[in-house]
Amino acid sequence: MRESRLMLLQYVTALLAVALVSIHLMMQGVILPYDTAISFNNMLSIYRNAVTAVFLEALLLVVLVHGFNGLRIILYELRQTKPWTTWVDVVTVAAVIGTVAYGTRTVILAAFGVVSA
Amino acid sequence: MTDVRLLVQRFDPFKDEEPRLVEYKVPKREGMTVLDAILYARDYVDHSIALRFSCRQASCGSCGMKINGRPRLACYTQVDELAGEKVVAQPMENFAIIRDLVTDLGSFFEKHAEVVPQLVRSDLQEQEHPTSEYVMKPEELTRVLQFTYCIKCGLCTSSCPTVATDSEFPGPQALAQAYRYTADVRDEGGDGRIAILDTPHGIWRCHFAGSCSYVCPKGVDPALGIQLLKRHVMSGHAPRKAGEGSPTAKAGIPAHGPGSGSSSGG
Amino acid sequence: MAKAAAKNKRGIAGWLNPYHYNAERWAYTFQRVTGVAVLLYVLGHLGDTSFFVGGPTGTGPSASSWAFIGTVFENTFGHTILVLLVLALVFHGVNGIRLVLSEFGLILRKPSAIEFPYKPKALASGQRALIYVGIATAVLSAIWTYLVLFEGMG
Ligand code: SF4
Ligand code: FES
């Protein structure tokens with residue numbers, strides 16, 4: 001893939017992340033008092049509302065793609081051997097898939113799982 | 001008369017384990033440049049100091065070195081303009097040391113050559129045997145003019161944080177020259193250069209730290225050119241407006257028609 | 001003969017030590033450091049939020065598991081991390097907007113005929129102003145976060 005495509009991805013996720021993270025910070029400490037925001041009941045209502053749950057999933061995806069693509073850039077600049085570059089590519093893709101999967105599991109279980117005390 | 005405390009980094013990779021700073025006392029005179037001071041030390045104190053210089057007037061680009069922590073031209077830096085009471089001269093960073101203040105610029109010139117720093121025409125016949133003069137309007141010249149002032153001193157590349165670790169990165173000098181030719185209305189080689197630069201160790205390894213523009217002694221402003229080239233790559237458009245700058249030969253305008261009085265640029 | 005001293009490469013010090021250089025170079029260093037720091041936080045945050053559903057082996061929202069992770073992080077240690085996170089995050093975001101706009105060539109001055117002493121257009125005052133806006137926003141946001149977490153505001 002041409003590097004400019006990956007950089008475009010980096011810039012687009014950057015701008016999306018600025019928007020989504022701002023909303024996330026607002027939700028956690030500005031709109032509601034912090035203690036209320038992180039209370040179990042409030043969190044549950046966020047995960048069980050379709051709009052806010054999808055928001056969290058989008059936040060997850062955007063931030064992790066931006067973060068690991070950024071790490072890839074840094075690692076590329078660190079060493080320039082072919083095996084290193086291949087390793088960085090593989091680890092980047094695996095890391096994005098793995099972490100997004102783990103975060104998505106939290107969102108799905110929180111949205112649909114059985115609530116326990 | 002006050003003395004200048006001149007510290008020169010001495011190092012012969014064939015003999016020495018580590019570089020060391022050697023102090024020389026140099027009688028100061030008005031307007032003395034760092035190059036003057038080093039030459040005094042070489043001429044009157046220690047003939048074995050190795051350095052490279054030629055024009056003594058910021059034109060040849062051979063006296064680049066690290067002076068008091070920052071890449072500068074020794075001939076274009078006066079002792080008086082440096083803060084502190086010492087003058088510390090070391091070889092430019094990120095270039096291999098040949099001896100003392102002399103660095104190996106081989107890969108630097110290779111990288112310059114790799115970005116095809118010359119006017120390219122899609123019609124090879126036309127390129128080798130132009131049918132007429134290529135005319136530039138003054139504003140078209142202005143767009144590339146400052147980038148043509150590069151003297152290939154290497155200061156910008158020495159200052160670049162990406163060059164510090166990425167040996168395949170072309171560096172600010174080469175990238176700025178890639179822009180200089182790609183933005184030239186007489187050139188048709190932009191796509192070829194972009195194919196070379198839109199790669200994992202190409203133009204996108206620049207993160208606009210701007211140190212290149214900060215240290216450039218000739219007002220080339222490499223960081224400006226590089227960001228403009230990024231825009232060009234991202235947008236897929238030529239850095240000039242559509243329809244502008246068709247060479248006279250192509251447009252069928254007589255070579256000495258209106259506007260041909262402007263310079264053909266460097 | 002391939003001594004490191006002869007190679008004369010700055011290495012990672014070139015990323016991390018902007019001393020002797022311009023404000024934009026400092027911003028570059030902070031952008032890189034804050035980026036990695038925020039990524040590390042995000043990875044930790046994936047872990048701590050998963051305790052809402054009982055952690056790695058959980059199956060659904062669990063009030064006790066959530067209360068447990070609260071005892072781990074809702075304290076001075078956890079809140080200090082959050083204040084530092086906001087500082088890093090907001091700087092990275094605001095400075096990042098400057099970089100995106102610049103790299104798209106949107107907020108750059110045009111090349112022109114130059115005079116000496118030349119002031120680089122790439123380092124024009126607008127760039128510097130945006131860096132200062134980034135620092136100011138980050139500090140103010142961090143102070144706000146401190147007030148919310150430590151002084152019970154908000
Ligand atoms: S761009 Fe400036 S600093 Fe870089 S090589 Fe050319 S003249 Fe020297
Ligand atoms: S001696 Fe020619 S640039 Fe300094």
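A residue is called buried when its relative accessible area is under 20%, exposed when that value is over 50%, and partly exposed in between, with a 1.4 Å probe and the protein chains only. This is a predicted model, in which local features need pLDDT of at least 70 and side-chain atom pairs count only at pLDDT 80 or more, while totals for chains, interfaces and linings use all residues. Residues are numbered from 1 along each chain as its sequence is written, chains are lettered from A and ligands numbered from 1 in the order in which they are written, and side-chain values use heavy atoms, with hydrogens and water left out.

**Stop 1: chain A**

You will find five helices and zero strands, so that the pattern read along the sequence is α-α-α-α-α. The radius of gyration of chain A is 17 Å, well over the 13 Å that the globule rule gives for 117 residues, so chain A is more spread out than a compact globule; this radius is taken over C-alpha atoms, and the rule is 2.2 Å times the number of residues to the power 0.38. Along the principal axes, the C-alpha atoms of chain A fill a box of roughly 50 × 30 × 20 Å.

Of the 117 residues in chain A, 53% count as buried. If contact is taken as heavy atoms within 4.5 Å, then among the contacts in chain A with a separation of 6 or more, 70% are accounted for by residues 24 or more positions apart.

**Stop 2: where chain A meets chain B**

Now show chain B beside chain A, and select the residues in contact, which are 14 from chain B and 13 from chain A. Between them the two chains bury about 1,200 Å², with 55% of it on carbon and sulfur atoms, where buried area is the accessible area (1.4 Å probe) that two parts lose on being put together, summed over both. On the chain B side, pick out B:Asp198, B:Arg205 and B:Met234, which lose the most area to chain A and together make up 39% of what that side buries.

**Stop 3: inside chain B**

Next select B:Phe208, in the loop between helix H7 (190–197) and helix H8 (211–215) of chain B; B:Phe208 has a positive phi of about 60° although it is not a glycine, and at 1% relative accessibility it counts as buried.

**Stop 4**

Select B:Gln146, in the loop between helix H4 (138–145) and helix H5 (155–159) of chain B. Is B:Gln146 buried or exposed? It is buried, with a relative accessible area of 0%. Leaving aside neighbours within four places in sequence, the contacts of B:Gln146 include B:Gly219, B:Val220, B:Asp221 and B:Leu224, and from chain C they include C:Pro111, C:Ser112, C:Ile114, C:Tyr118 and C:Lys121.

**Stop 4: chain C**

Finally, select chain C, which has six helices and zero strands. Its radius of gyration is 21 Å, well over the 15 Å that the globule rule gives for 154 residues, so chain C is more spread out than a compact globule. The C-alpha atoms of chain C fill a box of roughly 70 × 50 × 30 Å along the principal axes, and 49% of its 154 residues count as buried.

To end the tour, zoom in on C:Pro117, in the loop between helix H5 (76–103) and helix H6 (125–150) of chain C, where the peptide bond from C:Phe116 to C:Pro117 is cis, with omega near -5°.

Notes
Helix = DSSP H or I, 4+ residues; strand = E, 2+ residues; numbered from the N terminus.
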